[in-house]
Amino acid sequence: MRHRSVADLMTPDAVAVAPGTAFKEIARLLDEFGISAVPVVDVDGRPLGVVSEADLVRRQASGGGAPMAEGLMTSPAVVARPEWSVVKAARVMEKNRIKRLPVTDDAGRVIGVLSRSDLIQLFLRRDRAIQEEILEDVLTRTLRLSPAALSVEVADGRVTLSGTVPRRSLVPVTVRLCESVDGVVDVTDRLTFTWDDTVGSSREPSAAAGEAPRGAR
């Protein structure tokens, strides 16, 4: 089980500009390709900075002339690596309040761009694909549980878990792992358990201790 990587979702062959690209040409590229920013790269394709719509608007509002990319860009460029998980990339975007991340290879050259809209694709995963990943990767491979003992229903990315797990301590673990699956919006926990292994050192079944198994929420 793994999160999708930046390489899985990025747009390859990113639109980029040279330091000497003019204001008007940058604006044209943003409009033509429907993007909100472009990386500024040197002759070797390594990012020097990024020019965004906000940079253009800020320059225009200041009443200045129409400079080149090197005078407009925000530098240094915040970049991502292709092997990053999309969770890490999303956190970097949020921390830096940006919508697009140039993706660089081992040599530091731009090989693609990851945008916020690319990340949204995760939440458009088909419910069946999410269900299969939970059944096969979370329950069977990771937790070694029998899928026959559990029910996994997925509707619009919302997961409902029901059935019985062997131990009470497995309930929060199962829920947490399901929440980490790409495309899951939230998880409703209706799991019950056979053994309560969270009270002292007892390994008695909860029913034998005079306590009914945990019911559905």
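**Salt bridges, sheet arrangement and local backbone features**

The side chains of Arg-109 and Asp-105 meet in a salt bridge, with an N to O distance of 3.4 Å. Arg-109 is partly exposed, its relative accessible area being 38%. This pair belongs to a predicted model, in which 13 salt bridges are found.

The residues concerned are partly exposed: the relative accessible area is 31% for Glu-25, 40% for Arg-28 and 47% for Glu-32. Through shared partners, the salt bridges join Glu-25, Arg-28 and Glu-32 into one network.

The model contains an open sheet of three strands in the order S1-S5-S4, with antiparallel pairing. Strands S1 (11-12) and S4 (100-104) stand at the edges; each has a single partner strand, so one side of each is left without a neighbour in the sheet. The antiparallel pairing of S1 with strand S5, residues 110-115, extends over two bridges. Pro-12 has Gly-112 as its bridge partner in S5. Helix H5, residues 86-96, packs on the sheet and touches both S4 and S5. The direction of H5 makes about 130° with that of S4.

Several backbone features are located in loops. Ser-75 and Pro-76 are joined by a cis peptide bond, with omega about 0°. Pro-76 lies in the loop between helix H4 (69-72) and H5. Phi of Arg-97 is near 55°, a positive value in a residue other than glycine. Arg-97 is exposed, with a relative accessible area of 79%. A positive phi near 55° is also found at Asp-156, likewise a residue other than glycine. Asp-156 is placed in the loop between strand S6 (150-155) and strand S7 (158-167). Asp-156 is exposed as well, at a relative accessible area of 68%.

Confidence was examined over the whole protein and by element. The average pLDDT of the protein is 87, and 89% of the residues score at least 70. Among the elements, the highest mean pLDDT, 96, belongs to strand S2 (residues 37-41), and the lowest, 86, to helix H6 (residues 116-120). Over residues 201-217, pLDDT stays under 50. The model has 27 contacts beyond four places in sequence for these residues. Where pLDDT is low, predicted coordinates should not be read in detail.

How values were computed
Residues numbered from 1 in each chain as written. Predicted model: local features only at pLDDT ≥ 70, side-chain atom pairs only at ≥ 80, totals over all residues. Heavy atoms only, no water. Pairing = 2+ DSSP bridges. Helix = DSSP H or I, 4+ residues; strand = E, 2+ residues; numbered from the N terminus. Contact = heavy atoms within 4.5 Å. Axes fitted to C-alpha atoms, helices over the stretch in contact; angles between N-to-C directions. pLDDT = per-residue confidence, 0-100. Buried < 20%, exposed > 50% of the residue type's maximum accessible area, 1.4 Å probe, protein only. Salt bridge = Lys/Arg side-chain N within 4 Å of Asp/Glu carboxyl O.
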